Structure formats: C-alpha cells, structure tokens
Amino acid sequence: MSSTSRTLTSPALPREHLGLVLGFVGMAIFGGTLPATRIAVSAIDPLAMTALRTAIAGLCSLALLVVLRRPPPPRRLWPQLAIAMICVSIAFPFLMALGVQTVDASHGGVVLGILPIATALVAVVITHERPRPLFWIASMAGAALVIAFALRQGGGTFSAGDLFLFAAVAVSAIGYAFSGRLTAQMPGWEVISWVLVMALPISLPAAALTMPADIGQIALKPWLSLLYVALFSQWIGFFAWNAGMAMGGIARVSQVQLLQPFVTFALAAFFNDETITLQILLFAAAVVATVAISTRTRSRPAPVVQG
C-alpha cells in the first residue's frame, strides 16, 4: 500500500474502533437495566417506575441543556425525535418492566439479545446502510442462538413475559435506529437529552399520578435501582451508545449488544442471586464468536443523495 493510500484510509479506522469502544461502554451500562428493573418492580408498579425514571432523566436533561445553553433542535428533526421519544423513553421501559415481573433478569437478558439484529434491520430501512452478506450471516447466527437458548430455557415455549420483552425489542430497535440517525445532525448526548425533555409533558404528570401511596415503606434497594435505570440506563448510557453508532455505523455497532445478555447474567448473579450455569457460559462463547465476525465486517457505504 502506498503512503498516500495509508494517509487516506488510516484516519477512518480509529474512528470506527472508537465507535465500537463507546458502543461497548453503552452496552455495559444497559446490561444493568434488567437486574435493576427487576429489583425496582418488586416494590414499585411498572407504570409508576416507567414514569418516574423518565421524569427524573428528563429533568436532569433539561438542567444540562439549560446550563450549556443549547438551542432547540430544528423543527424538521422533531418528528424523528418524537418517534425516538415514544420508543426509547416510554414504550421500551414500560414493556420491559412488565416483562421482568414474571421472568428472571437473566432470562430477559437472553430475549433482549435479539435486539442487535432488529436494530440492524431498522437501520437498513431508514439509513440505507448496506451490510455485507457475512455481516448478516453472523448476525442471524447470533440471533438464532439467542432464540434457541430462550426456547430451551422455557421448555419450548415463550411466556407472557417473553412476549412483553419481544415487543420491547421491536420498539427499542426503532428508537435506537432513529437515535443513531439523529446523531448525524447533533451530538449523541444532545439527542437523548432532547428526547427526554420532549417526554416531560407526559412523564411528569404520569409520575405525579402514579406515585406509590406507600412511598415511605419502600426499601432503599428499589429506590437505588430506580435511580440507576433513570440516570444511567435512560440517559447517560445513551451518551456513549449514540456517539458509538455515529462513529461506527448503526448496523455494525449494534452487534456489540449481542454481548449484553452476558453482562446481564453477571449482574443478575451478583445482585439478584440468579444462577449462571455451564450452558449459559458455553452459549456466551458461541455468541461472542458471532459478534467477533460481524464487527469485523464493514458496511457498504450508503448511496449519496444530492439535495
């Protein structure tokens, strides 16, 4: 390779690698969402927990945007922000909270493991990303492993909790893809912050109406879990996640989330006293292999649209 060629291509590689690193950080934060949510819903109603986590994150977002004097997004971006708001800050946390009422956090982590392939499919539709065939083969293999494991754990069927979690996957994939698309117009932290601020007219009244009547009787652990999902899962985690998708590509970085079930397993074992079996560890090794293949498969560039 000539020196000119190296000069032209080398700057892109660190940016893609940094995107994968930031995506991994965001994924690790999201990995704690199910264990924390399961603890929170043991004492707080799912609807109240969803309203409270979104309201807390929204108020923090509003404060940050005011302090930094950020102007409102252009009106042409409001429809995309509204879609992301409905999916990421309302529908996903509520469906997930309903799901983990009846299934373990580790089981939920497996079901949510199909999120990367769902996100990649949405990304192809809305951003015209064109992953190579090997990307899809590795992604489908990873998703198939996740589904097979969930069916094996459930005795060949999906529970009501599984159905809520699959619905959560669908809305989350849409929200993630639109959030990633918006990072081309503004920083990732600003995208999620405006999404949460837009939700305040809904989340604040909902939080006031659904506030637990026995608030003084709720133990400290559920409150700490609520704060985690509000500040980290709902807000700070997206700082890294959205920036990672902007740098590395939505379809490519989303595959890092195939690792998320195993972060969830580790945290569920520690905080929820759930058992991690040899089967889970072997399954983890197989999924990690598919992630290693898919993240090394570059996306074809989308066609340039003039005007």
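Leu134 is found in helix H8, which spans residues 133-153; helices here are DSSP runs of H or I with at least four residues, strands are E runs of at least two, and both are numbered from the N terminus. With a relative accessible area of 46%, Leu134 is partly exposed, a class that lies between buried (under 20% relative accessible area) and exposed (over 50%), as judged with a 1.4 Å probe on protein chains only. Leu134 and Ile293 are separated by 159 residues in sequence, yet their C-alpha atoms are 7.9 Å apart in space. The model is a predicted one, in which local features need pLDDT of at least 70 and side-chain atom pairs count only at pLDDT 80 or more, while totals for chains, interfaces and linings use all residues. Residues are numbered from 1 along each chain as its sequence is written, and side-chain values use heavy atoms, with hydrogens and water left out.

We turn next to a pair of helices. Two packed helices are described by the angle between their axes and the distance between the axes. The axes of H3 (residues 33-41) and H4 (residues 46-67) come within 10 Å and cross at roughly 125°; each axis is a line fitted to C-alpha atoms, for helices over the stretch in contact, and angles run from 0 to 180 degrees between N-to-C directions. H3 and H4 are therefore oblique to each other, the class left over once angles under 35 degrees are taken as roughly parallel, over 145 as roughly antiparallel and 65 to 115 as roughly perpendicular. On the H3 side, Thr33, Thr37, Ala40 and Val41 meet Pro46, Met49 and Arg53 of H4, where contact means heavy atoms within 4.5 Å. By class, this contact has 4 nonpolar, 2 polar and 1 charged residues; Ala, Val, Leu, Ile, Met, Phe, Trp, Tyr, Cys and Pro count as nonpolar, Asp, Glu, Lys and Arg as charged, and the others, Gly among them, as polar.

Side chains of opposite charge can pair when their charged atoms come close. The structure holds 2 salt bridges, each defined by a side-chain nitrogen of Lys or Arg within 4 Å of a carboxyl oxygen of Asp or Glu. In one, Asp104 pairs with Arg38, the closest N and O atoms being 3.5 Å apart. This pair links distant parts of the chain, since Asp104 sits in the loop between helix H5 (78-99) and helix H6 (105-111) and Arg38 in helix H3, 66 residues apart. Asp104 is partly exposed at 37% relative accessibility, and Arg38 is partly exposed at 24%. Glu190 and Arg70 also meet in a salt bridge, at 3.1 Å from N to O. Glu190 lies in helix H10 (residues 188-210) and Arg70 in the loop between H4 and H5, so the pair ties together parts that are 120 residues apart in sequence. Glu190 is buried at 5% relative accessibility, whereas Arg70 is partly exposed at 35%.

Gln260, in helix H13 (residues 260-271), is buried with a relative accessible area of 12%. Leaving aside residues up to four places away in sequence, Gln260 touches Met27, Phe30 and Gly31.

Two loop residues complete the picture. Most residues other than glycine have a negative phi. Arg69, in the loop between H4 and H5, has a positive phi of about 55° and is exposed at 75% relative accessible area. Asp273 has a positive phi near 55°; this residue is found in the loop between H13 and helix H14 (278-294) and is exposed, with a relative accessible area of 67%.
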